[in-house]
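The sequence and the model come next.

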Amino acid sequence: MTARPVLGILGGGQLAQMMALAAIPLGIQCHVYDPDPVAPARLCAIHHCAAYDDTAALVRFAEAVDVITYEFENIPLSCVSFLNAHKPIMPGISALQVCQDRLTEKTFARSLGFATAPFVDLVPTLSSTDALHAVGAPAILKTRRMGYDGKGQQIVQNAEELDRARATYGTLELILEGIVPFLHEVSIISVRAPDGTTVRYPLIQNTHRHGILRTSIAPAPCHTAALESLADQIASTVLDAVGYVGVLTVECFVVAAPGGSTLVINEFAPRVHNSGHWSIEGATHSQFDYHVRAVMGLRIDPPELRGWSALCNLIGDEPADNDIPVGVAVHRYHKTPRPGRKVGHLTITTTDHATLQHTIDACSELTGIRIP
Ligand code: AMP
């Protein structure tokens with residue numbers, strides 16, 4: 001028997017945990033690199049517990065694996081560039097560079113011909129009045145880097161509020177976005193293999209509360225043939241533009257347009273995504289299976305859905321096993337519960353939308369626990 005390939009994952013959270021679990025039936029062993037001694041993925045992968053700037057530990061990690069991927073986009077570029085000199089990193093550094101900065105990300109989406117929220121680079125010399133004039137008020141102030149789950153952003157109504165908000169960020173680089181009057185939020189999860197083969201799930205519809213994803217439904221109840229066709233165009237254009245390998249998520253707003261609705265790109269995630277967790281039970285290939293296959297050069301086939309699926313995040317606390325309705329799958333991340341923290345999720349898969357909605361309602365008491 002030939003030696004099995006080894007996949008290295010930067011970050012050892014729940015995304016790495018589910019990736020490592022998907023890799024096992026493919027005959028692939030995973031190593032994860034995470035400074036947290038209790039990183040969830042340590043339970044199903046070999047854990048390298050060291051800082052992202054510990055070059056000796058990074059070299060040991062690179063020597064132990066064949067290919068490197070990552071579970072989050074905010075890894076220091078210096079760490080990724082260092083590793084890239086030792087082993088291939090997929091998705092590539094250029095994708096990471098685009099996705100780490102909201103300004104680069106939106107400029108990139110526009111350069112490919114897709115719509116985004118109006119935005120301006122909030123350089124110190126730009127007055128709050130002029131910035132608001134450019135994007136319209138009220139607007140959303142966001143840090144260019146490191147924001148997630150609604151962190152690092154706030155709504156401002158006028159120039160005085162924007163002045164005050166800017167002052168609280170010190171020297172951090174900021175972007176100001178116009179508010180998109182969206183009807184729905186959706187995500188496009190697609191995967192591209194090294195030979196350019198690309199497949200994707202149908203649009204997924206997402207509901208957030210306090211900036212945190214609460215539920216995702218696939219296929220999106222709001223989907224139309226026109227939206228799916230635009231989603232195809234977005235996925236293939238973006239993936240091909242950077243020669244992407246792996247799973248890419250594009251978060252979009254659905255907005256009213258003459259003759260129907262259209263998609264406005266909000267952000268890219270160069271990785272598996274929370275809104276795709278339902279695919280473990282709800283599709284022939286999960287997003288984790290796809291990502292591992294793509295970065296390891298294995299074949300990818302189009303997904304078939306097993307009916308309607310929903311993901312419900314468990315935020316802040318975990319329900320007891322006996323409280324979970326029969327037939328609903330639970331995934332626990334082995335994280336210490338605290339308010340606002342994603343500690344697990346539920347997946348519901350049904351043959352019709354009405355039963356799906358009914359079961360989501362039955363689970364909402366379990367999933368609505370302790371939002372700060
Ligand atoms: P983000 O961190 O950019 O994904 O934003 C978190 C959530 O804030 C999104 O899922 C939306 O619900 C909301 N949001 C962010 N940007 C905008 C925008 N420009 N217009 C309207 N809502 C937004």
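I began with strand S13 (residues 246-257) and strand S14 (residues 260-269), which pair in the antiparallel sense over 9 bridges; strands, like helices, are DSSP runs numbered from the N terminus (strands E, at least two residues; helices H or I, at least four), and two strands pair if DSSP finds at least two bridges between them. In this pair I found Phe253 opposite Val264 of S14, and I noted that S13 and S14 form a hairpin with 2 residues between them, where Gly259 in the turn has a positive phi of about 80°.

I wrote down that this is a predicted model, in which local features need pLDDT of at least 70 and side-chain atom pairs count only at pLDDT 80 or more, while totals for chains, interfaces and linings use all residues. Residues are numbered from 1 along each chain as its sequence is written, and side-chain values use heavy atoms, with hydrogens and water left out.

Next I looked up His210, in the loop between strand S11 (204-209) and S12, and saw that His210 has a positive phi of about 50° although it is not a glycine. His210 counts as exposed because its relative accessibility is 58%, where exposed means over 50% relative accessible area, buried under 20% and partly exposed in between (1.4 Å probe, protein chains only).

Last, I checked two peptide bonds: the one from Ala137 to Pro138 is cis, with omega near -5°, and Pro138 lies in the loop between helix H6 (128-135) and strand S6 (139-143). The bond from Ala218 to Pro219 is cis, with omega near -5°.
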